Amino acid sequence: MAEKTRESVRPAMGGTAAITLVGGPPELLDDCFGLLGELEHAWSRFREGSDVWRLNWSRGRPVRVRPCTVRLVTELINAWALTDGDFDPTVLPQLVASGYDTSRVDVSRRTTLPETAAWPGAVADIDIVGLNIRLPLGTTLDPGGLGKGLAADMIAELALDRGADGVLAEVGGDLVVAGQAPDATAWTIGIADPFTPGELLSVIRLAGGSVATSSRLVRVWAGPDGPAHHVINPGTGISAVTPTVTSTVIAGTGARAEALAKLAFVRDPDRLLNGLPRIGAAGLIVTADQRHRCSANWADFR
């Protein structure tokens, strides 16, 4: 089995991406990274001319976009609905105002917004007809972490469609596994300890699905009102003030896991962990006092 397994780690989407394939044609690994590059080109808010850039500058007019962007916007709307608005894809004006307007990997790339951009946006009024998307005047979108989770979903789909027996796709901390694992049973995934580099909090076994980790320690900067991070509280419009440091969620897809992982920064952690099993998910939350707790069904994946 080992000779059929190929893997690579490459820069992507403001960080790194890792792809492992079991079986499949020799060119498939490059094709998977090629898809990731296409998605970044279409979805980056820092890249002038991307689909997301054009949508954010559309000022209420419909924009024709790539099919992958229709899927992205659909998933953003679905995540907003699933979380009763606690996942808010329209917080981009707040992120920019707080100081997160420059790419962390290329300082020449900046997010600029039209004078009409406002928060909160009108997610319920986003209109999709075929490949045409109309954002209500003032509404702008930030794919954020959900874009990374969805990218991992789409890489896994491509790999299986092109003949791989199994695939692991990890994009910026969002990981999706599908098909046959290298040991023919399940994929082994380590959950990092945010306070002790190189140490693991937990090791899980996953036959298929996604694991997404969101952290308020990774993207931090000095904002106009003090230290800021990229997880915006949709109730206040500023960086979430919360004891949660990292949140890890297991779910069926990368997009869904990423949306649910954000909830630990804006909801009571214990209530969230109690509720995740009822929607087919599991979670592990680490707080600033270096304690961690998990949902009752987390042990099902050990």
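This is a predicted model: local features need pLDDT of at least 70, side-chain atom pairs count only at pLDDT 80 or more; totals for chains, interfaces and linings use all residues.
Residues are numbered from 1 along each chain as its sequence is written. Local features need pLDDT of at least 70 and side-chain atom pairs 80 or more, while totals for chains, interfaces and linings use all residues, and side-chain values use heavy atoms, without hydrogens or water.

Let's begin with the open sheet, whose three strands come in the order 3-5-4 with antiparallel pairing. Strands are DSSP runs of E with at least two residues, and helices are runs of H or I with at least four, numbered from the N terminus; two strands pair if DSSP finds at least two bridges between them. Strand 3 (62–64) and strand 4 (127–129) sit at the edges with a single partner strand each, so one side of each has no neighbour in the sheet. Strand 3 is joined to strand 5 (residues 132–134) by three bridges, and Val 63 stands opposite Ile 133.

A cavity is a set of points on a 1 Å grid over the protein atoms alone where a 1.4 Å probe fits but cannot get out; its lining residues have an atom within 4 Å of a point. The largest cavity is lined by 14 residues, with Asn 56, Arg 59, Pro 136, Gly 138 and Thr 139 nearest its centre.

Definitions and conventions. On a 1 Å grid over the protein atoms alone, a cavity is a set of points where a 1.4 Å probe fits but cannot get out, and a pocket is an open set with protein on both sides within 12 Å along at least five of seven lines; lining residues have an atom within 4 Å of a point.
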